[in-house]
Amino acid sequence: MPLALRFALRELRGGLTGLRLLAVCLFLGVAALAGVGSLSAAIVEGLSLRGQEILGADVSIEVGARRGTDAERAAFADYGDVSEGVRMRAMVGEVGAETRVLGELKAVDGLYPLYGDFRLVGGRPLQDALNGQSAVIAEALADQLGLAVGDRIEMGNATLTVAGVIENEPDRAGVGFSLGPTVMIATDTLPATGLVQPGSLFSYTYRIRMPAGADITAVEPAIKERFPDGNFDVDDRSNGAPGVRRFVERLGQFLTLVGLTALVVAGVGVGNGVASYLDSKSGTIATLKSVGATSTLIFQSYLLQVGLVALAAVAAGSAIGALVPWVIVLLAGDALPAPPELGLYPLPLLSGAAYGLLIAVAFALWPLARARVVPAARLFRAGVEPARWPGWPVLLAVGGAAAAIAALAILQAREKLFAAAFIVAALGLLLLLTLLAAAVRWLAARLPRPKDTLLRLAIANLHRPGALTRQLVVALGLGLTLFATLAVIETNLSGQISRSIPARAPSFFFLDIPVAEVPAFEALVRRNAPGAELRLVPSLRGPVVAVDGTRVSEMEDIPDGAWILRGDRGLTYSDAIPESNRVVAGRWWPAGYDGPPLVSIDVEAAQALGIGVGDTLTVSVLGVEVTAEIASLREIDWDSLGFNFVMVFSPSTLRGAPHSFMATAAVAEADERPLYREATRAFPTVSVIRVKDVIETAAGMLTQLSAAVRSVASVAVAAGIAVLVGALAAGRRARTYDAVLLKVLGATRGQILRALLIEYGVLAAIVSGLAFVIGTAGGWYVVTQVFDLEWQTDWLPVAATVLIGAAVTVLLGLAGSWNALSARPNRVLRTL
């Protein structure tokens, strides 16, 4: 066995004292990275493996507000077996009961399901259950309404028999966001409900089962080339739930960067821990050199010690990270957006391990190299002389490790620009804190000497030889900045609902009100809620097919922000400017305008499309193309919780088209239940959505997002605390000597403690202000650019987090110095 390895193992047999901080920091960081990566990989793999099952087809083609034409359906059939279905929302209730709830209506034909194991409780075949005027319902709906097989329900104008309760709906994950449980009927039963009307919100889906070996990727370009204005949304089994996949990948990337932040913060702890350990071994190192040990032997011995501990910590962190998917499924499996495919995923484990080892190299190599050049004479100098320059090879090695970390983070990122910005920001923060520490030392050395002895001692501690100002400022700055950033993100997530709801929010949304029944509907609302604020708006749907004369189907590159070109959009007409809207360019048409078609559009949508007042938009309404000139651009308050339309047309443009109405009603709390009961009874085809239900659903999604951020953030917080403890531990030996010498000169323990309180308090005050500013900026970027949410920060918790963090740091500093203050002078002086 090489001599360096024998020395390393012999010292490690004495325990990990001094290297525990290294092990804890690396373990926390690697476990977070490996865990987040494994869970994200498991969910994405589950989506990939169950693509056919989740999509319910090899290829799915969806079109809104209309059924496919005969030519379109024939073209679909050329690719294989086609199952036709319809999705929409509808009110459901037991016959004779007052309670009605919103359900997700799903009409299917005899071929459904093409793939997947659809099961009803009791094992009855689906097609047998849907024979006749019957329906099968989700278990959640059965529990909510107290329904059982054989009960009769009302939906629209139809009365249906509950023929089964759904046990497993394989394509449920591909549906995405929904406000109610599933109600499934046969497509032949749908006309009896009377729910499909002009202007209703519904979509037809055509699921295709293709022959084995067929090229599924060729379907989308061929269909869109053959029917350029069909406005089809085409997905294939390779990406059965694209929205879920994008959410998981994007959230996984953010959480990975949070974990990487924890690891970078832990890296500072690694450096402090190694420096503290080597400082405690300076006597051993000097003694070994005095008896002939070479600098290379010393370097190799301690490098092996650090390397062995780092490998063990990385291995343990990777093992815990590999178990995270199983633990999450066990504790909160129902909260996941899609079922993960449990297994061992080497890539995130290897990635986490690589990050951990590179961090160890980047932060531990510098103090190891400085220990290599410690002269034997240092044993007799109490370590106050300046540290020697370790040399360019070490600096290049540290830079290489840092570059490898950056390259690994950027190459693995879904959004490489964001990852690169994160790396630059992290390096910039480290540099800024280092410069701040140097500025504090420079300023402290040039301040006038105060008359107060304790204050003079505290200021001298900031700049004297061997001062820990740099270590404390960097560690404290990283920790408090991390705390501030996470506090900003957390308060924004929790505030999206509570602070964005207007004081007078609507109580209900009413959808699909037939034009002929609008007067009766208004009378019902006035009768049951006399003080209601009722707003009725016409509702149509249709896609944008041309922008200023350019067909959307011919556009080679659709801008990222041009979401109004994707799928059907809600359309309306109005004589007056809608509430919560403000014209920022152009002019609104006069009341009673009956000239050429005009349209007003959202200013952000116009900017994304590169158009303005005077340009034209063409929409397709029930197959009829309407071209309108842009008369004005509007700024829309999307937080008003009213019906806000991107495109509002002059009344004469769309009034003659078949359509329905939507309504919002803000009513007193006492009137909510009577209005809900009477509206659902008198208008069975009208869908009623409680705003409370929407808010609760959105709040639940944000709570899950917040919980995911908080879980990974807890690891980052733990790493930040470990770094602070490590920074304090790194100077414990020097503090002990200081305390002993001051005691010999007559200082009391209380006086020394007050001097330390002033020192730590000054540093905490300076750094906490900088951390608040930088943390706020970082949190703003994550909230507005990564999560694409409104800025809804509650400043009190953020400021409290920073101040409490600073106070805890001061207390940790004092607690860490207690042993030094308690040291007996005679015992310590013998070691000097």
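Trainee: Let's start with one residue. Where is Arg681 placed?
Mentor: Arg681 sits in helix 20, which covers residues 669-682. Keep in mind that this is a predicted model.

Trainee: Okay. Is Arg681 buried, partly exposed or exposed?
Mentor: Partly exposed, because its relative accessibility is 48%, and the exposed class starts over 50%.

Trainee: How far is Arg681 from Thr99 in space, and how far in sequence?
Mentor: Their C-alpha atoms are 9.2 Å apart, while 582 residues separate Arg681 and Thr99 in sequence.

Trainee: And for the protein in general, what share of the contacts with a separation of 6 or more comes from residues 24 or more positions apart?
Mentor: That share is 82%.

Trainee: Let me get the overall numbers. How many helices and strands are there?
Mentor: The protein has 25 helices and 22 strands. It runs to 832 residues, and 50% of them are buried.

Trainee: On to the inside. Which residues have the most contacts within the largest nonpolar core?
Mentor: Phe510, Ile601, Met647 and Phe649, in a core of 62 residues. Apart from that core lies another one, with 39 residues, including Met88, Val162, Val165 and Val234.

Trainee: What does Phe510 touch, leaving aside its neighbours within four places in sequence?
Mentor: Quite a list: Phe521, Phe643, Phe661, Met662, Ala663, Ala665, Leu675, Ala679, Val686, Ser687 and Val688.

Trainee: Phe521 is on that list. How many aromatic pairs turn up in the whole structure?
Mentor: The search finds 13. One of them is Phe521 with Phe683: the ring centres are 5.7 Å apart and the planes are at 70 degrees, so the pair is edge-to-face.

Trainee: Which parts does that pair tie together?
Mentor: Phe521 is in helix 17 (residues 518-528) and Phe683 is in the loop between helix 20 and strand 22 (687-690), so the pair ties together parts 162 residues apart in sequence.

Trainee: Which residues do ring pairs link into a cluster?
Mentor: Phe76, Phe202, Tyr204, Tyr206, Phe227 and Phe232.

Trainee: Switching to the surface: which residues make the nonpolar patch of about 760 Å²?
Mentor: Ile320, Leu323, Trp326, Val327, Val329, Leu330, Leu331 and Leu342. Leu342 is in the loop between helix 11 (295-332) and helix 12 (346-372), and counts as partly exposed at 34% relative accessibility.

Trainee: Now the backbone. Which peptide bond is cis, with omega near -5 degrees?
Mentor: The one from Tyr112 to Pro113. Pro113 lies in the loop between strand 3 (101-108) and strand 4 (119-120).

Methods:
Residues are numbered from 1 along each chain as its sequence is written. This is a predicted model: local features need pLDDT of at least 70, side-chain atom pairs count only at pLDDT 80 or more; totals for chains, interfaces and linings use all residues. Side-chain values use heavy atoms; hydrogens and water are left out. A nonpolar core is a set of buried Ala, Val, Leu, Ile, Met, Phe, Trp, Tyr and Cys residues joined through side-chain atoms within 4.5 Å. Buried means under 20% relative accessible area, exposed over 50%, partly exposed in between (1.4 Å probe, protein chains only). Contact means heavy atoms within 4.5 Å. Helices (H or I, at least four residues) and strands (E, at least two) are DSSP runs, numbered from the N terminus. Patches are made of residues with over 30% relative accessible area and no salt bridge: like charges are joined within 9 Å, nonpolar side chains (Val, Leu, Ile, Met, Phe, Trp, Tyr) within 5 Å. Accessible areas come from the Shrake-Rupley method with a 1.4 Å probe; for residues, only the protein chains shown count as cover. A salt bridge is a side-chain nitrogen of Lys or Arg within 4 Å of a carboxyl oxygen of Asp or Glu. Rings of Phe, Tyr and Trp (its six-membered ring) pair if their centres lie within 6.5 Å; planes under 30 degrees apart count as stacked, over 60 as edge-to-face and the rest as tilted.
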